Amino acid sequence: MSVWRGVAIAVLLLVVGVSVAAPWLAPAGYARQYREAASASPSRQHWLGTDEIGRDRFARVLYGTRISLLLAPAAALLSTLLAALVGGLAGYLGGAWARAAMAVTDLFLALPWLFLLITVRAMMPLNVSPMISVVVTFLLLGLLGWTSAARVLCAAAESLRNSDYVRQARASGIPGARLFWVHVLPNLKPVLYAQFWISIPAFILSEANLGILGLGVAEPMPSWGSLLKELEGLVSVGAEPWKFVPLVLLVVVVTSFQLVLSRQEDEVAA
Amino acid sequence: MLARRIVRHGLTLVATVLLGGFLAATLVRLAPGFAVDEQQLDPRLNSESIRALRETRLEQRNIFRFYFHFFERAARGDLGTSISLGQPVSRLLRQRVPLTVRLVGIGLLLSWMVAMALALSAAWLRVSAYDALTTILTGTFLCLPAAVLALLSVLWNVPGSLAIGLIVFPRVYRYARNLLAKAYGLPHIITARAKGLSELRILFWHVIPVAGPQLLAVAGVSVSIAVGAAIPVEALCGLAGVGQLAWQAALARDLPLLVNITILVTMVTLLANSGADVIGHMLRGQPA
């Protein structure tokens, strides 16, 4: 399995490297229109052809990959921090705090993730600049995606609260806040790391779902979600197979994340 | 003990549903552009009709008042009128619920059949190549966004229920496989195998009683996954169910519709989870 994990890490590094190099690999940018070559098939000028308004698909895939791969970790970081704060504190404080925090968590978890996401996303302004739409989309993922991680962290913090060294520290008169920041939170690090990495592919897939449903990143900014929306107009799979490149890339990246994360998931399960 | 458990689940359900509906209403109320109604621009409406529209909106401005009136009317069977579709919400739900129930029901049935067949065969055979093959197969489906599967189902003219099944089955398989593998690894089951008991007897007498309650919990969760999957499938396949209605309500910021759908979805998922928990408790015959 470690060989596969190595391959997955190499693939992820390659994809991240290529997407970071987007300005050099596709200097014309993702929004430039080649009106004389709209809906063109792959050629030497446009490796993946152009979309229906003549934008180079290869450039859009590169820039879209960059957006999805840079912002999904940012959203994962936000959700992990929120989960640490809510779940960690609830587990550490216990009693009514834990019950109240877990009741809120249960409320969020009672709703299917995609339903919750489209409902809240639709409440946000839809007619905004592309950059703001990117921020809103990924901010939303981070703000709503903390609940399941909070449950795991609550359980982990609860077990730490009852551990011998925390009892000893409490008996020594260490204030509660210091106890949490210095002794409990650092020991939650493995769970936090695991939750952070697990959230990334989940958020990539969620952004793709939102994009296809028309609630993701606004045009002309590309993301995997908005690029996959092109599949809606397909007549058959064989007719324009190059339109599946963003999907193949997404599957490869998410699969690579799953392979890398198999160890992290085991840690959370443990 | 069981009655107490059922009462506790009932109270949790009521509290969560009330809170969920209230949060949905608050979100819509706080959303930008809430007070703007394009119906007011309709040149066919006279000043009285426009005033009536404004008064309706005014009532909805106070979220507590809206919510109180909402439940008052709901108790009489009136769920309000959809702003975007101009039809009573109860009629819309009556029209669309059967399709969604059928899609989700068939989808769940398909997903459980495939997931259990794969999980059981993997647990029985214990051949690493087969295990790897099923893991790769389910892993591939897990890596596909639900909306892409919905789009592909349109492209290949596949029924929506099959698309829901394909979205749900890898998630069910993952849990089922782990639970069954764990059960088959228990010392008394290894002993039963060594003594030459038939596989069917081991499955029904020893494995199912161990893994059954946890599989029931997965069944509860799978309902929530299937309901969530119904949104992209119905929205992209043009199926007029509750999932499509939820999508339309969200896009149109249709407050009465959105609150009702949120309450309905919360109720369904909580009922499924509570039902699974209570049945699991009954099967175990002990407090969990």
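These legends accompany several views of a predicted model.

**View 1. Chain B overall.** Chain B comes to eleven helices and zero strands. Read along the sequence, its pattern is α-α-α-α-α-α-α-α-α-α-α. The C-alpha trace of chain B spans about 85 × 50 × 30 Å along its principal axes. Chain B has 288 residues, and 39% of them count as buried. Take the contacts in chain B between residues at least 6 apart in sequence: 75% of these join residues at least 24 apart.

**View 2. Confidence along chain B.** The model scores ipTM 0.87 and pTM 0.87. Mean pLDDT for chain B is 86, with 93% of its residues at 70 or more. Among the elements of chain B, helix 4 (residues 89-125) has the highest mean pLDDT, 94. Helix 2 of chain B has the lowest, 72. Where pLDDT is low, predicted coordinates should not be read in detail.

**View 3. The side of chain B that touches chain A.** Here 36 residues of chain B are in contact with 30 residues of chain A. Helices 1 (2-30), 5 (128-142), 6 (146-155), 9 (199-237), 10 (242-252) and 11 (255-284) of chain B each give two or more residues to this side. Helix 9 of chain B gives the most, with seven residues. By class, this side of chain B has 26 nonpolar, nine polar and one charged residues.

**View 4. B:Arg44 in its loop.** B:Arg44 lies between helix 1 and helix 2 (47-61) of chain B, in the loop. B:Arg44 has 5 other C-beta atoms within 10 Å, so it is exposed; the cut-off for exposed is 12 or fewer. B:Ile167 is 123 residues apart from B:Arg44 along the chain, and their C-alpha atoms are separated by 46 Å.

**View 5. Two loop residues with positive phi.** B:Arg126 lies in the loop between helix 4 and helix 5 of chain B. Its phi is near 50°, a positive value in a residue other than glycine. B:Arg126 counts as exposed because it has 11 C-beta neighbours inside 10 Å. B:Asn157 lies in the loop between helix 6 and helix 7 (160-184) of chain B. B:Asn157 is not a glycine, yet it has a positive phi of about 55°. B:Asn157 is exposed because it has 6 other C-beta atoms within 10 Å.

**View 6. A cis peptide bond in chain A.** The bond from A:Glu219 to A:Pro220 is cis, with omega near 5°. A:Pro220 is found in the loop between helix 10 (189-212) and helix 11 (224-228) of chain A.

Methods: Residues numbered from 1 in each chain as written. Chains lettered and ligands numbered in written order. Predicted model: local features only at pLDDT ≥ 70, side-chain atom pairs only at ≥ 80, totals over all residues. Contact = placed C-beta atoms within 7 Å. Helix = DSSP H or I, 4+ residues; strand = E, 2+ residues; numbered from the N terminus. Nonpolar A, V, L, I, M, F, W, Y, C, P; charged D, E, K, R; others polar. Buried ≥ 20, exposed ≤ 12 C-beta atoms within 10 Å, placed from the backbone. pLDDT = per-residue confidence, 0-100.
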